[in-house]
Amino acid sequence: MITKETVQYVADLARLSFDETSIEKFTKDMEQIIGFADKLGELDTEGVNPTAHSVPVYNVFREDEVKESFPRNEILKNAPEKDSEYFVVPKVVE
Amino acid sequence: MSDLFQCSVREISEKLKKKEISSVELTQKSLEQIHKTEPQAEAFLTVCEEQALAQAKKADEVLAAGTAQSILTGIPMAVKDNICTKGIRTTCASRMLEHFIPPYDAAVMEKLNGANAVMVGKVNLDEFAMGSSTENSYFKKTKNPHDLTRVPGGSSGGSAASVGFHEVFYSLGSDTGGSIRQPAAYCGVVGLKPTYGLVSRYGLVAFASSLDQIGPLANNVEDCAFVLETIAGKDPRDATSVDSRKADFSSGLGKGVKGLRIGIPKEYFGSSLNPEIKEKVLNAVKALEKEGAEIVDISLKELDYALPAYYIISSAEASSNLARYDGVKYGYRAQEFDSLIDMYRKSRTEGFGDEVKRRIMLGTYVLSSGYYDAYYKKAQQVRTLIQQSFVSRFEQVDAIITPTVPNEAFRIGEKTDNPTQMYLEDIYTVSINIAGLPAMSVPCGKTSSNMPVGMQIIGKHFDEKTILNVGYTYEQIRGTF
């Protein structure tokens, strides 16, 4: 059972917020989707190893070489707020 | 529409090499077609006229010098707007990335640029590739080329529609649970999802990293093969890309299907399948049997579990991948907030659309403490079972044929109220991503309402060659419809 409180809690974890009307809708949607996911419970998976990746690739290493990275001004171009050297965010320490 | 746009890649490449037409002229025609068609089609998010003509000019130089290395040289194409293009905005059809201009090219773009392909623009998708109709785009609703009141499918709806409306010769899409094959089926074009690891994901904006693959959409099977062999290959910047044998997918396509064993899984032809689609796909199977293929009845009984497993795994990965959108380094930032946390929260709440939020919420929920074992771990165990089931079936058969989607393209707005109803459109495609297999949708007829039907040809890991050969053989014998 998905409650409004659960949705509120998950929204906090995900850094999202919902107003009163949308939280009703999301609770309903989540309830429906989770109900649909509960079908997996029918399947016996005792002792089955979980698969995270479909193609077995392990420990892909590369040489630790110094390479040129992007110039700072290129990267700052997409920043919503910046000064000449930094990303600017709201003050976090008084 | 000019007849030129009915040409295959092979035909148009011949014309370019023989100087019957220049790449600049061809690109201008593609741009004209776009300007004429777009008011109805709405497939493109960005048309890059200037860059395209510059690329075409360069292609003409290469063609004139006789040094063209690729069959794709000088041919106009479109790219899904979740694939990074240096200096050209890449939005993921999201408000979040409305003004994002990548400082680099995706690996597939480097390869296509190296082949002197001509990109005329970036095409629409469901926001962050999450959806099955392209209705989740923040910007516009793309139409189906066969009926403007219907959806083109999704999430690569713009990729399929731009080919279907003959605005370009081919396009790139991405496929996490069916996002190339399902729109290809709806729009009557060919769409191929390669084996996981065949094509580098470097520069593809991540949705679900263990499932995402980039692949081609085109008018015919051979064109898809040409594009695939151009974009395939190991890339150190994508640690999951693997060294495949020499990427030669277009040669030997005419060798036929004699003696090839094709599996037909009964679960994929059940009662939820539209009877007209069932008939068309089984007719195609019969046609292949006449060509000498051996048809084998098989069972893939995990079908019903693939969809929930897919939605748990893909949403879990999405919730983690999309955590990077915080309004700091790039992307949308809310105007008003009272703290750093509040800025994150408001930027994400205002920047993402509802479907993306649903997936992030579902993913966060199934990964949260107390639910992890019941959902995420369980889904990964089911993933193992699905994969094993395919591997053991592939000991009996060389390829598997199913319908691509259970229904014809639905009407715009018809399924937007019910997310799980929409998810059911992916029922036949998601298990292929879960198992990491290659699969292709090939048109195999039309329904009584004149909408295209697609059949899905599934192959063994890295055996794109076999499915391309089956699709190609079928194309030669299917006639017109």
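Predicted model: local features only at pLDDT ≥ 70, side-chain atom pairs only at ≥ 80, totals over all residues.
Trainee: How many of the 94 residues in chain A are buried, as a percentage, and what makes a residue count as buried?

Mentor: Buried residues make up 16% of chain A. As for names, residues are numbered from 1 along each chain as its sequence is written, while chains are lettered from A and ligands numbered from 1 in the order in which they are written.

Trainee: What is the figure for chain B, and why is Gly233(B) called partly exposed?

Mentor: In chain B, 60% of the 481 residues count as buried. Gly233(B) has 18 other C-beta atoms within 10 Å, so it is partly exposed. You will find Gly233(B) in the loop between α7 and β7 (261–265) of chain B. Its C-alpha atom is separated by 28 Å from that of Ala93(B), and the two residues are 140 apart along the chain.

Trainee: Which elements does chain A have, and what makes a stretch a helix or a strand?

Mentor: Chain A has three helices and zero strands, in the order α-α-α from the N terminus on. Both kinds are DSSP runs numbered from the N terminus: helices are H or I with at least four residues, and strands are E with at least two.

Trainee: Why is chain A described as more spread out than a compact globule?

Mentor: The radius of gyration of chain A is 23 Å, well over the 12 Å that the globule rule gives for 94 residues, so chain A is more spread out than a compact globule. That radius is taken over C-alpha atoms, and the rule is 2.2 Å times the number of residues to the power 0.38. Along the principal axes, the C-alpha atoms of chain A fill a box of roughly 55 × 45 × 25 Å.

Trainee: What does the rule give for chain B?

Mentor: For 481 residues, a compact globule would have a radius of gyration near 23 Å, and the 21 Å of chain B agrees with that. The C-alpha trace of chain B spans about 65 × 55 × 45 Å along its principal axes, and its secondary structure comes to 15 helices and eleven strands.

Trainee: Why is α1(A) called roughly perpendicular to α2(A)?

Mentor: The axes of α1 (residues 4–13) and α2 (residues 20–37) of chain A cross at roughly 100° and come within 9 Å. Angles of 65 to 115 degrees count as roughly perpendicular, under 35 as roughly parallel, over 145 as roughly antiparallel and the rest as oblique. The pair α1(A) and α2(A) is therefore roughly perpendicular. Axes are lines fitted to C-alpha atoms, for helices over the stretch in contact, and angles run from 0 to 180 degrees between N-to-C directions.

Trainee: What makes α7(B) and α15(B) roughly antiparallel?

Mentor: The axes of α7 (residues 221–231) and α15 (residues 464–477) of chain B cross at roughly 155° and come within 9 Å. With over 145 degrees as the cut-off, α7(B) and α15(B) are therefore roughly antiparallel.

Trainee: How many residues of chain A are in contact with chain B?

Mentor: 40 residues of chain A are in contact with 55 residues of chain B. α2(A) gives the most to that side of chain A, with seven residues. By class, the side of chain A that touches chain B has 26 nonpolar, eight polar and six charged residues.

Methods
Buried ≥ 20, exposed ≤ 12 C-beta atoms within 10 Å, placed from the backbone. Contact = placed C-beta atoms within 7 Å. Nonpolar A, V, L, I, M, F, W, Y, C, P; charged D, E, K, R; others polar.
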